[in-house]
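Here's a quick briefing on a few spots worth a look while you have the model open. Grab your viewer and follow along.

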Amino acid sequence: MDQRHADYIGYYRARVKKYEGNPLYPRSLAAERALCAAMESCTVLEDFRAKAGPLSLACAIALVQDQESARLALYEELNEPIKAKYARLMIEAAAKALSVSDLTETMTNLGAKQGLEESVDGFAGNLYFDFTFLENMEENTTIEIGEPWKSECESAAKEDIDMHRRLFNENTLPRAREWDPDWKMNYDLVWEERHRRKIPAPDAVVRRRIDEHRRWLGV
Amino acid sequence: MNIDAGWGCEMAVDKDLVDSMLGPFRDMVKDIDSKGITNKDVDEMKAVMAKMNGYAASMDDMISFSTKLTTEGLFVAFSNAYSRVMSAAASSGTGGAEPEDASLLAQSLAAYEQSYNRLKDDPTMAHIVPPVKRAVEIAKSGVTYPVFLRQCEEEKIFERMKNGDQRPVLEFQLECAREMGDKLRSEMYSQELAAYDRLSAASPCGQADNLAFELARKRIEHEFEPMIAEWDSIIEQWEKLHWLVIDWLDAHCSFAPYDQRWVGMTPAITQYNIRRTKEKNPARLVVRERIFRDYHGLGWNDVWTHPTWIQEQAESRVWFADECIDLMKRVYPVCRPGSKPPSDCIAAEEAIHAAKKWRNPKNIARFGDEAGAGSGYRIRSFEEFVKARRKKR
């Protein structure tokens, strides 16, 4: 074995060491070990060239799968289904990659799709965003007061409804449909943990606000 | 394919914004053209570029334009094609043959040296400079390419470059949250910093693994997210109650007809406005108290010992002077439909107004008033923070 060959073996052994004892990277450790073993088993360094390509790709795939598996475990624990879905898709797609650049491109494309889906999912936050409007409506429609203030409150409520309907139909809806042409307000999403946990009010209040939002905006 | 499609003409969306958004992509096309590269990936890049320019020319709304580029995946399509072009160019540069170790080492040295020269004078990049500098030193030490790679692996230089030292950024966000008196975010960032230190201590390269820290950070932020939402909502709700009560008291004071809250086009309108506050606010208070209770199970009397109130007071963020708050507390029990504030409370509030002492002096000192600006939140730039941090060390 010449010195150059020995030096390369030293390098691949060092790469293996990087993952030893780190529970986040089991696939990477195995893939790096296989790459290192291939280098060690070569009689001459030139023999390694034929083996290096697929093994290097295996290392890249293993790293992506290790990373996404760790993310998948966390997102499942935190009940984040969209993020978990894409981590799962990335693990599956990585296994089919034909080259490192194919792997990179596939991950970039999936990351972009995830971004889109999360943006559209985030529109469920419209409900909590409108809580101030709904609270003002509660004030103007349930206030116990005599005239002329009662009529004034009713007028204010009507104006508020008109304004927010216009805002919803002329702004919120067309903007959301630029992201998803079929988008419509899906109140079921509000009850999913990732959205529900961001609304600091009990279920009874949220249920009431959904009814009001639907009714007053004509959704 | 002509990359100028829709580029040279007048753009409908703001040209400066479009230029800043598409400029880097146009530069990449120019770079490829200057190298004389032509292939189907270059065609694809130019087709995507033409599409982006076409949208810029035909659309008149910047948000819609930006959304269009995102939803059609044009940024990603362009970047993918560009990566393929660059990757093919790199391979063809070696004539398809495996490059020699010496040339690989020379390329690595050139790349790290270029990065080092670009980063070394930028204080915000101080945390990434040491591993880059060390890579340059090893590459220049006369070792061969595989030895350079081994040493970089053994000294965890690639890991340190990949991870960067995130501590300065984490310290900075904690400093900002503390300066703003943001209790929960301060706690959250403290926990993130502690997690980072814990992971760094356990890491062979002395810096937390990027992935491990990303997971730890997401977990911490996930835990704090609902607490922060609740905290902000509680403050918003009690602030509304306080204004309803103080406005009601003030509407009964002699200064009301001259106060901007009520002054109308005619004295009659002004009187009508005052009457509205006097008669309506007690009824509005009933509703707002109900909402506060429905949301958070809290009432008027719970506010004064609640952590949100204590924190807002400690950070001088409560607008009202203590004397006004005392009056607010005294007036609250009678702020009911058909009632009016006690005359001594009205007199006391009038005296406060005559002396212009309705605002908390600590709030004025911090946030200023018409007489001048306050110190506000003393948040320095990240660059200044890093410089000071380096000096301290």
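Predicted model: local features only at pLDDT ≥ 70, side-chain atom pairs only at ≥ 80, totals over all residues.

- A:Asn126 sits in helix α6 of chain A, which runs over residues 126–129.
- With 16% relative accessibility, A:Asn126 counts as buried, because the cut-off for buried is under 20%.
- Beyond its sequence neighbours within four places, A:Asn126 touches A:Thr172, A:Trp183, A:Met185 and A:His213.
- The side chain of A:His213 makes a polar contact of 2.7 Å with the side chain of A:Asp130.
- Again setting aside neighbours within four places, the contacts of A:His213 include A:Leu127, A:Leu134, A:Tyr187, A:Gly218 and A:Val219.

**A cis peptide**
- The peptide bond between A:Glu147 and A:Pro148 is cis, with omega at about 5°.
- You'll find A:Pro148 in the chain A loop that links α7 (131–142) to α8 (149–179).

**Positive phi without glycine**
- A:Asn79 isn't a glycine, yet its phi is positive, at about 55°.
- A:Asn79 lies in the loop between α3 (48–77) and α4 (81–95) of chain A, and its 38% relative accessibility makes it partly exposed.
- Over in chain B, B:Lys356 also isn't a glycine and has a positive phi of about 50°.
- B:Lys356 is in the loop between α16 (343–354) and α17 (361–367), and at 64% relative accessibility B:Lys356 counts as exposed.

Key: Residues numbered from 1 in each chain as written. Chains lettered and ligands numbered in written order. Heavy atoms only, no water. Helix = DSSP H or I, 4+ residues; strand = E, 2+ residues; numbered from the N terminus. Buried < 20%, exposed > 50% of the residue type's maximum accessible area, 1.4 Å probe, protein only. Contact = heavy atoms within 4.5 Å. Polar contact = N/O pair within 3.5 Å; in protein donor to acceptor, adjacent residues only side chain to side chain.
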